[in-house]
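Visitor: I have a structure open and want a quick tour. Can you walk me through it?

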Amino acid sequence: MAASMAASEETLRRAVEGLELLLGRSAAGQGDFQETKPASLLESLRSSVAHLEAKLAQDPQWGELQRLRTQTSHQVPWLPSCSEVTWSFTRHVLLLLLCLKRCMVLLAAAYNPTPSNSKAPEAAPPLSPDTLSIAQEKTVQAALQCVVTFGLCPYLLPGIGLPLRHRTEFSALVEEAVSPGCLPSAMGKLYATCTGLVEVAQHPSLGSLVLTRHLGDLLAGLCQLGFCPARRKGEEAKPERELMGLTEEERNSCREALRGLLDRVYQPLVVRELLILQGGSRQGSHSREHDRECPLAPAPAWLRRLSGQLLSERLLRPGGVQAVVRGVLEGAGAGAMGGSNAEAAAADWRKCDAVAKILSSCPQQSLSLEDYCQQVCPQILQLFFIQDKLTARQFQRVATMAVLTMTREHSRHAEKHLLRPLLEPLLRCLDVEEIPLEDLSAGTVLVKEEELSSCVENVFKVCVVGNEPSAVLLSSLQGVLGVIFSIWCFTKQNVSFLRTPCQEILLWFLEKSERQTALSILEGFAGMGEAVHLPSVFCQFQAASEGGVMVAVRETLSHDEDEALYQKVSSEQWQLEQLVDLLSHFQSSGLAGDFFLRCLKELTHVAGQEASEITSVSAGSHQSPLDLEQCCGPRLKQQERQLRVLQLVAMLCESISDTLFTDTAQVVEFVATTLQRACASLACSSGGTVEAQTLSMAMGLVAAMLGGAVQLKSSDFAVLKRLLPLLEEVSRIHPEPVIQELAADLRMTICTHGAFSTETITSAAQTTLGKTCAEAAAKTKVNTARDTSEKSGSETPEPRLPPKTTALVPLSPTPKSHLAAKSVPETMNSGPSATQDLRELLLSAYDPDIPARAAALRSLSRLIEQRDPEALKTQETLLKVFMENLEHEDSFVYLSAIQGVALLSDAFPDQVLPCLLSQYGSTQPGAAKVATAETRMKVGEALMRATRMLGDMIFPHRDGLIHAFLQGARDPDSSLRASSLSNLGELCQILRFQLGSVVHEVTLCLAAVVKTDREAEVRRAAVHVVVLLLRGLSERALEVLREVLLDLYRLLKFVVGCEGDEATVLHAQLALEELDGIMRRFLFPPQALEKKIEVLP
């Protein structure tokens, strides 16, 4: 056995040396044919062959190789001998390669490796004796290159493979030196070369050398041998052997060898070589310049069909889609090795789009389009999950474009095989009712985090990044849009990377879909329509560990009806808030305004139904309770819808009212809706203060538009004419003469395109814009003259009616407003024009219209914040105005007043804070009126806002504030006691080191309240003061609270042990945790690893 292995190793070395002799390599390393002329090249080949034959015949050490060579030559009858120099050289190289392969097989079969040494597990295992060294591999590679160059490429037909002249200078020299001869002879030599290379490639080591460098040429040769037609059209039928030089059996063997290579080699490499075999474009010039720019000549028709068929077979195999994509993209530099060209390949979007078109086209050999989609579509979706960072971008782009292309070209099949599987995790949230009840145990995970995250990200890539909306894509996405909206609302409550893609998907759909569809979707988000399917009630979104979201079965709802109702209402409230936030992104496109108008029309419809509903209910009052329940059931759902619409309108007005409308048409639509609602209310005799104010506002808005607030065009007047029937009805049925007159004047102004204008319209317009009636009257003639001059150039003015002098008064002033006007000092009425606006704001601060009053208070606060000199001069008047509005019951008014008082305290702390402290002590300055507990709590809020603004500057007023809050902690009203303690805790948190000796009084007060007060909320507030005190002082609490810290600790332990209120105990535990943290940091300070470097003198 050892002798046999030694003989095989010696033969292997001689075979490699023989290859070196044929290649003309010397000991100095020269060789591989450096000639530059065909004659010299042929002479070198002839010399190399003669040298090898002499060596084999004369040297006894080469006898074993000579014997093996002779034996191999008898076993390969398909390798004929020939007198031609190039073929003789090729034959000798192939025989030596076959001998080398046989030696390597024998060495591998006789090799019996010894067991590895367990004492040295890190040692490398011994090499197999059939392993080639680096120098031997280089020799074999050069020999294979010569076989392909001399024995394969010259015999390929034109258009098959890459021509030799386009490869290297040596290849071009070979093309001139080699004569293919007649077709049968050329096909025989090509058959022998390809068969020999296939035989060599069966060995693993030699096969890697053959297939990694010469696969394309070998595939080209096998295709020509196995599939090239025997004769052309019009030629006489002759024996195939005479035409091709091959028998049918030999051609079948070539076909089988081709199939074996295609199944054996790395599939992306096969795809790339098959694409090259398809040849270049058949269009264009065939000049030399074109040949240099495009080396690939047009391939024959039979080869293009064959390559396409083989590519389709690669595609339809398992994993074929990924192989095709890799085969195309790896040629752009983004192959398995990646490299510096990966980013450049990612930017080559045209190549990705071309691959997507290939994937979306059904090949001819597929049974049907349905069968093709069943095989390919799941593989396309798998491209989204490629993890390799270098190729993920290209694969995902191909997948995105393939989905969009198939959706556009094969919509029905794409919806079934691509879109539904893509959206399956989202659809699962809608189909929970179909799951058996025994599988719906609480906490069961319905959709995992990975599934949901991948689904949302893939939908984002297809829709937003691809950005090719189609009817099928929008329809499929609409089915799961409610789930995406619910996920987005959930992510707004915490931190999740799904928030942005969900928001972008929603914005993309609403932007790309039709306006009516978008409005229906928004209604579905608000719970007012069925265009959107929201997740099942059994689904509950939960935050996942990787920053995503997962869906689980909801736990059993609370049996407490109040708690369940609270959860339902709070969830709906949160969704409405997020809907308004979503609409804020559509202010420029007008979608928000259209949706607002749609909600207003819903309110108009409600106003028209109220009378009939009231009549039906009163008529059925004598019915039984069961009948009444059945009758009122639908009304309850309708009332719930009405409340949701009202809430949504209020949110839109509060959040994005300033930029809600984007054009004149939307404003006119808003006015028309308002007028319709007013007419419906008047017809039902249910008009109230709110309806009257809304009607006045709408008509004032039209007057402002006609008065010059916007530049109206002829098309705008065409839109305004929609208001004519409504204005006529208002002028006919409204009970107020002023409103009737204004409606009639507006109607005439619209009909005359602004040529007719009265003082009534101008006054209403200027009042709406915030100007005085006196200024409006001064500008009436100027506006009239300007309108006349503009109309004279294009239209003939109609006869103008005499101007009217009636001024618009939307609401008659109440006695309270007159008294308020009298309370303003007379010096304000006679001041210069600079104080005119301030005087009007002070008057509006007593307006019975709540929005007007709140707006005036906000404007006054803004003047104080900006340190307006005119406003600061009247600080006493402003304080009085704010303090009187604190008693208003509407939160919009008294919160605006609180803000004004706080800003005034920041500007004049020495004058304002004593007044506030006096009123907080239960009596107003200079009056015997006792303030209510609610008013005193409002004053306390103003004091705390002022304290926050002043910061450290509050120290001069420390004693007064603490005294007031301590006194409030003894008030009979429990709400005021709790409010005072809360204010005291925040004040102590702000004062910190400035608290001083007052801490003893605070501690005693807190202990007394905790131990003696009967109200739980008051005791809760007292313990919370301790929490705020410890949090504010942090590590400094040991210094500031040194004398009372033990008392506070005992008080907290008393609460934990004896208190019955759970919330109070929780506050006490939080305070103990704060105290524990402070003590731990004091006793065990963190070790700081610092290095001190001192420079010695």
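Guide: What follows is a short tour of a predicted model.

Visitor: Start with the sheet. What is the strand order?

Guide: The order is β1-β3-β2. It is an open sheet of three strands, with antiparallel pairing.

Visitor: Which strands stand at the edges?

Guide: β1 (445–447) and β2 (539–543). Each has a single partner strand, so one side of each is left without a neighbour in the sheet.

Visitor: How are neighbouring strands turned against each other?

Guide: By 45 degrees on average, with direction ignored.

Visitor: How many bridges hold β2 and β3 together?

Guide: Five, in the antiparallel sense. Strand β3 covers residues 549–553.

Visitor: And β1 with β3, how many bridges there?

Guide: Two, and that pairing is antiparallel as well.

Visitor: Give me some landmarks. Which residue of β3 is the bridge partner of Q540?

Guide: A552. Also, A543 stands opposite V549 in β3.

Visitor: What links the strands of a sheet, in general?

Guide: Strands of a sheet pair through backbone hydrogen bonds, either parallel or antiparallel.

Visitor: What do β2 and β3 form?

Guide: A hairpin, with five residues between the two strands. G547 sits in the turn and has a positive phi of about 90 degrees.

Visitor: Is β3 mostly covered or mostly open?

Guide: Mostly covered. Four of its five residues are buried.

Visitor: Which helix lies across β1 and β3?

Guide: Helix α21, residues 449–465. Its direction is at about 125 degrees to β3. Helix α23 (residues 481–491) packs on the sheet too, touching β2 and β3. The direction of α23 makes about 40 degrees with that of β2.

Visitor: How many residues of α23 are buried?

Guide: Eleven of the eleven, so α23 is largely enclosed by the rest of the structure. Among them are W488, F485, F490 and C489. The list also includes S486 and T491.

Visitor: New topic. At what angle do α17 and α18 cross?

Guide: Roughly 140 degrees, with the axes coming within 10 Å. Helix α17 is residues 369–382 and helix α18 is residues 389–409. That angle makes α17 oblique to α18. The cut-off for roughly antiparallel is over 145 degrees.

Visitor: Which residues make the contact?

Guide: From α17, C373, C377 and I380. From α18, A399, A402, V403 and M406.

Visitor: Now α5. What span should that helix have?

Guide: Helix α5 (residues 134–151) has 18 residues and should span 26 Å at 1.5 Å a residue. Its end C-alpha atoms are 25 Å apart, which agrees.

Visitor: Which residues of α5 are buried?

Guide: They include Q136, T139, V140, L144 and C146. The stretch V147, V148, T149, F150 and G151 is on the list too.

Visitor: Next, D217. Buried or exposed?

Guide: Buried, with a relative accessible area of 11%. The cut-off for buried is under 20%. D217 is in helix α8, residues 204–227.

Visitor: What does D217 touch?

Guide: V148, L152, C153 and R167, leaving aside residues up to four places away in sequence. V148 is one of the buried residues of α5.

Visitor: Where does G1032 lie?

Guide: In helix α48, residues 1016–1033. G1032 counts as buried, at 7% relative accessibility. G1032 and E986 are 46 residues apart in sequence, and 8.8 Å apart in space, C-alpha to C-alpha.

Visitor: Where is N467?

Guide: In the loop between α21 and α22 (471–479). N467 is partly exposed, with a relative accessible area of 37%.

Visitor: What about R867?

Guide: R867 has a positive phi of about 55 degrees, and it is not a glycine. R867 is found in the loop between α39 (850–865) and α40 (869–873). At 38% relative accessibility, R867 counts as partly exposed.

Notes. Residues are numbered from 1 along each chain as its sequence is written. This is a predicted model: local features need pLDDT of at least 70, side-chain atom pairs count only at pLDDT 80 or more; totals for chains, interfaces and linings use all residues. Side-chain values use heavy atoms; hydrogens and water are left out. Two strands pair if DSSP finds at least two bridges between them. Axes are lines fitted to C-alpha atoms, for helices over the stretch in contact, and angles run from 0 to 180 degrees between N-to-C directions. Contact means heavy atoms within 4.5 Å. Angles under 35 degrees count as roughly parallel, over 145 as roughly antiparallel, 65 to 115 as roughly perpendicular and the rest as oblique. Buried means under 20% relative accessible area, exposed over 50%, partly exposed in between (1.4 Å probe, protein chains only). The expected span of a helix is 1.5 Å times one less than its number of residues.
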